[in-house]
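My notes follow the structure.

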Amino acid sequence: MNGSIQNPMLSKAGALVKHIKSQQIDRDEAKKSHPTFYRNLEEALDVRRGTQSLFSIVQSNWQTKNAVDFCSNDYLSWNTTGLIRTHFLDELSRYPDFSVAAGGSRVMEGNYPYIEETEAEIAAAHGAEAGLITSSAFDANVMVWTALPRPGDVIVYDALVHASTHEGMERSLAIRKTEFLHNDVDSFRETLLAIIDSQPLIKQGKRSIIVAVESIYSMEGDVCPLLDLVEIAEEVSHGHGNIQFVVDETHSTGLIGPKGYGLVCELGLEAEIAGQESIQILARTFFEALTSHPLWPSAQEKGLLSVPLAAGWEERPYLTHIVTVWPRQKYIYWLYLHLLSCSFFVLPVKQPIVPVGESRLRITFHAENTPAQVTALVEQIFTWMEEVMDIEQGKTQKKVTRAAGEVYVWMKQEGLRGFGMV
Ligand SMILES: Cc1ncc(COP(=O)(O)O)c(C=O)c1O
């Protein structure tokens, strides 16, 4: 790397440098003589590298404490504050005989009472008959969707459900899987009616429709209109009770509902929001600072920046901890790099996570974030926008905003490409 560049974002061991380098197509001629198996793998990886969409495993700036965490899923800051570690170690010392190795599959010889007690506690908290702990949320979705639908059943799913739900649905015995438009109650009703019309056994209540939704969608930050969906399901099933819901609460557990038990528990309790006031304050601070900023109207007029959840934010009973910011598509990295240069780490969300042309930056608020950090973040978004406006209006000779420009100088020197480079 050129020694004249002093930008801390570009430190050799840093995440940004590693990530940008990992996305470059390897043109090493020697690789052409590698065995077919490896060449084919490289070819597949190059397709991803070519669109900078290869998942690279790096340690992000917020993890190394070089940037404020507006990115992680540690929403309640239990990890960064050490709370979860303390409780984990306390629990271990309370149960000195606790086995940290399973010794086998649970369905064979690897079960033990502690897990069963924990599952029973979780189930009781959720008012459920039983609970099952899985290794990950991904596994849970694969298991549920592989196991629950019976031959003759139909799955109806929101267009934006997580990849793990799709994995599970692929393996299910359902005769059909039908998507409805994201969070769209009319589309949901039409989809159900069309299935009931075309499937006599479902109409007669002899087979079921199983609905896949999420309480909070992590790439949009919006909430499922679950109560409306349940009402529609009851109405169109005419008392058969053969439309059932599976609600993925990955992004609401701990955050909404009594004691943070999630949206399903929340709706059972008269729309009362429990705790998590600090995250509500942060979200409110964000929307207030954003929508009262003098440049906010021109941001939208010029199509430079949109924040879908800003519409009607004051009327919503609660605000989610996830907000997406959509700069004009070609500027995604310019804004990302600007915020990173100010030590704010937000997540760029792009293909293959979302479709091409729908890239966005995702901001997540955590218990440990402060209102001052949030207002500073909003201020920096507009500082960046002013730079873009100056460039677009020809008020400056510059072709690119400051932070992105610094990264692109280094990339040019290194012969690297992509990431919105001009
Ligand atoms: C809605 C949803 N379900 C399931 C998963 C899978 O979670 P995990 O990575 O913990 O297995 C995710 C991951 O982000 C998710 O967003």
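**Leu83.** I looked up Leu83 and found it in helix H3, residues 83-94. The model is a predicted one. Is Leu83 buried, exposed or partly exposed? I counted 13 other C-beta atoms within 10 Å, so Leu83 is partly exposed.

**Leu227.** I then went to Leu227, in helix H9, residues 226-236. Leu227 has 12 other C-beta atoms within 10 Å. A residue with 12 or fewer counts as exposed, so Leu227 is exposed. I also checked Leu227 against Pro355. They are 128 residues apart in sequence and 28 Å apart in space, C-alpha to C-alpha.

Which peptide bond is cis? I noted the one from Gln351 to Pro352, with omega near 5°. Pro352 sits in the loop between strand S9 (347-349) and strand S10 (360-364).

I also noted positive phi values in residues other than glycine. For Gln52, phi is near 50°. Gln52 belongs to the loop between helix H2 (36-50) and strand S1 (68-69). I counted 20 other C-beta atoms within 10 Å of Gln52, so I put it down as buried. For His238, phi is near 45°. I found His238 in the loop between H9 and strand S5 (243-248). His238 counts as exposed, because it has 11 C-beta neighbours inside 10 Å.

**Helix H15.** H15 covers residues 402-414, 13 residues in total. From first C-alpha to last it reaches 19 Å, close to the 18 Å expected at 1.5 Å a residue.

Which residues of H15 are buried? I listed Ala403, Ala404, Val407, Tyr408 and Met411. Seen down the axis of H15, these buried residues fall within an arc of 125°, so they line one face of the helix. I recalled the general rule here. An α-helix has 3.6 residues a turn, so residues three or four places apart point the same way. On the other side of H15, I found Lys412 and Gln413 exposed.

What do the buried residues of H15 pack against? I found two partners, helix H1 (15-22) and helix H13 (332-341). After H15 comes Gly415, and I noted its positive phi, near 75°.

**H13 against H15.** I followed up the H13 partner. The axes of H13 and H15 come within 7 Å and cross at roughly 95°. I therefore logged H13 as roughly perpendicular to H15.

Which residues make the contact? From H13 I noted Tyr333, Trp334, Leu337, His338 and Ser341. They meet Ala403, Ala404 and Val407 in H15. I sorted the residues of this contact by type: six are nonpolar, two are polar and none is charged. Ala403, Ala404 and Val407 are also on my list of buried residues in H15.

Methods
Residues numbered from 1 in each chain as written. Predicted model: local features only at pLDDT ≥ 70, side-chain atom pairs only at ≥ 80, totals over all residues. Helix = DSSP H or I, 4+ residues; strand = E, 2+ residues; numbered from the N terminus. Expected span 1.5 Å × (residues − 1). Arc of directions from axis to C-beta. Contact = placed C-beta atoms within 7 Å. Axes fitted to C-alpha atoms, helices over the stretch in contact; angles between N-to-C directions. Parallel < 35°, antiparallel > 145°, perpendicular 65-115°, else oblique. Nonpolar A, V, L, I, M, F, W, Y, C, P; charged D, E, K, R; others polar.
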